Amino acid sequence: MSEVSIMWFRRDLRLGDNPALLAARDAAGDGAVVPVFVLDPVLWKPSGGPRRAFLLDCLKHLDEAMAGHLVVRRGDPATVIPELVAELGANSVHIAADTGPYGRRRDAAVGAALKGTELVSTGSAYAVTPGRVKKADGEPYRVFTPFARAWRAHGWRLPATIPGAIPWMSNVDSEPLPPVPERDDLKLPAAGEGAAHMSWKAFRDNKVADYSTERNRPDLDRTSRLSPYLHFGCIHPRTLLADLAALTDLARQNGRGAHTFVNEIAWREFYADVLWHQPDSARDYLQPRLKKMAYSSGPTAEANFTAWTQGRTGYPMVDAGMRQLLAEGWMHNRVRMLVASFLIKDLHQEWTRGARWFMRHLVDGDLASNQHGWQWVAGSGTDAAPYYRVFNPVLQGKKFDPDGDYVRRYVPELRNVEGGKGGRIHEPWELPDGLPAGYPERIVDHADEREVALERYAAVRD
DNA sequence: TTTTGAGTTGTTCGA
DNA sequence: GTCGAACAACTCAAA
């Protein structure tokens, strides 16, 4: 008997190590698998352009890897998927669990709309599916370190076997894949599963060993750059962890860096777990007492926000970060913390506003990691930074971009300013000849605003 | 149940 | 210049 199964791709755009795809193949038996991607108008909003461009590029590569068999449909999945099932006489629909708030609602609606046909969920985008790691009393963790310990102890499955040839179904009606938008002013990473594996191998072979210290240097290219691929599932964290375990056994000197990198994966899983248990935490303060915080508003605040978004605050490290975001859809994590601290604690604006701007421009924009990262800086998250921890943009620059290479790369007005000892690249207002042409004056004084922030935080302490 | 130790990522000040 | 303490209590996790 010839069965038809549907593999509904969402954020798992790969063929390797994909348990849901294997389940779809097994369900098809001697029959065929229909790979489908749904252009969901809810997710296809005008904002988030860079991320959607990257997604389209990933879909193009996925389609090529499947010899052009990807079926594209447009509309509400709760309508589109049941229609496709009826059209093809499919016996089952296969997915990897989407554990975000919208994904859960959507999948519940699709499952209900499918009536008789089974919606089979296999695996998730995480090494340990959110909700699985629990304290002894059954409650979820709220602090990272114990979570990470329990998460490591829980362990994870080995990568799923590479599927042999999948019997894709031919001649299914499909919309053309929308073209990947071309923009001269935006340089996105190479897309797709192959590019993900190349990035991973380059990192594994050259950067893991020194990762625990070098990852903090935005002037050097020493991070994994895997976040966009992990976001869309071009590669699965389980693949990385298995690879790393083998590597660590072979070469002990990698151990420290590897441990730190695994911790970064654990952060991703921790935040997904927090969002799973508290879906409203994408918007709501995890520490309700911070809701009373006084934020700045009015024309000056608006002008400051615009200066922040455009990288024209007059603080080189902040400006370099914000301009990197616009130019690449990506920002080094240390600089993300710095610019977030600057918006919240120097410009006294609400974290939600910065989080929205990040989501609009980040190629790796992930609701759980982004929102909880912002809440961490704001001091409103689980396990948050102490409120008196205020990043100093000059010190952060001197410490993590000692020669000023990062600043000069993104802020051309400062390209002739020297860094290093005695250089003024991180405080150009100290230059004897004044600010270089075109570079803005500081919009605020950090020392003053730090005091204001400490007062405002003290006011909401009780 | 009570107690104890710990908690990503910083800065400033004074010795 | 280098170093340690203070910043402020509070919640969480586990023994």
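1. Basis of the model. The structure is a predicted model, in which local features need pLDDT of at least 70 and side-chain atom pairs count only at pLDDT 80 or more, while totals for chains, interfaces and linings use all residues. Residues are numbered from 1 along each chain as its sequence is written, and chains are lettered from A and ligands numbered from 1 in the order in which they are written.

2. Domains. Chain A is assigned domain 1 (4-124), domain 2 (126-157 + 194-277) and domain 3 (288-459); such bounds come from an automatic or database domain assignment. Between domain 1 and domain 2, the C-alpha centres are 26 Å apart. Their contact involves 13 residues of domain 1 and 16 residues of domain 2, two residues being in contact if their C-beta atoms, placed from the backbone, lie within 7 Å. On the side of domain 1 that touches domain 2, helix α2 (residues 49-65) gives the most, with 4 residues. By class, that side of domain 1 has 5 nonpolar, 4 polar and 4 charged residues. Here Ala, Val, Leu, Ile, Met, Phe, Trp, Tyr, Cys and Pro count as nonpolar, Asp, Glu, Lys and Arg as charged, and the others, Gly among them, as polar.

3. Strand β1. Because 6 of the 6 residues of β1 (residues 4-9) are buried, the strand is largely enclosed by the rest of the structure. A residue is buried if 20 or more other C-beta atoms lie within 10 Å of its own, exposed if 12 or fewer, and partly exposed in between, with C-beta atoms placed from the backbone. Strands (E, at least two residues) and helices (H or I, at least four) are DSSP runs, numbered from the N terminus. In a regular strand the side chains alternate between the two faces of the sheet. In β1, V4, I6 and W8 are buried on one side, and S5, M7 and F9 on the other.

4. Partners of β1. Strand β1 runs parallel to β2 (residues 32-39), to which 6 bridges join it; two strands pair if DSSP finds at least two bridges between them. Opposite V4 stands A32 of β2. Strand β1 also pairs in the parallel sense with β4 (residues 92-97), over 3 bridges, and there M7 has H94 as its bridge partner.

5. DNA surfaces. Around DNA strand C lie K135, A136, Y141, R142, V143, P146, R149, A150, P386 and Y388, where near means a C-beta atom, placed from the backbone, within 6 Å. This surface has 7 nonpolar, no polar and 3 charged residues. Around DNA strand B there are 17 residues, of which F144, T145, W267, N392 and L395 come nearest. Helices α5 (144-154), α10 (255-277) and α16 (393-400) each supply at least two residues of the surface near DNA strand B. That surface divides into 11 nonpolar, 3 polar and 3 charged residues.

6. Two single residues. V80 belongs to helix α3 (residues 77-88) and counts as partly exposed, with 19 C-beta neighbours inside 10 Å. Leaving aside residues up to four places away in sequence, V80 touches V38, R73 and G75. K292, in the loop between α10 and α11 (299-310), is exposed, with 12 other C-beta atoms within 10 Å. K292 and R461 are 169 residues apart in sequence, yet their C-alpha atoms are 9.6 Å apart.
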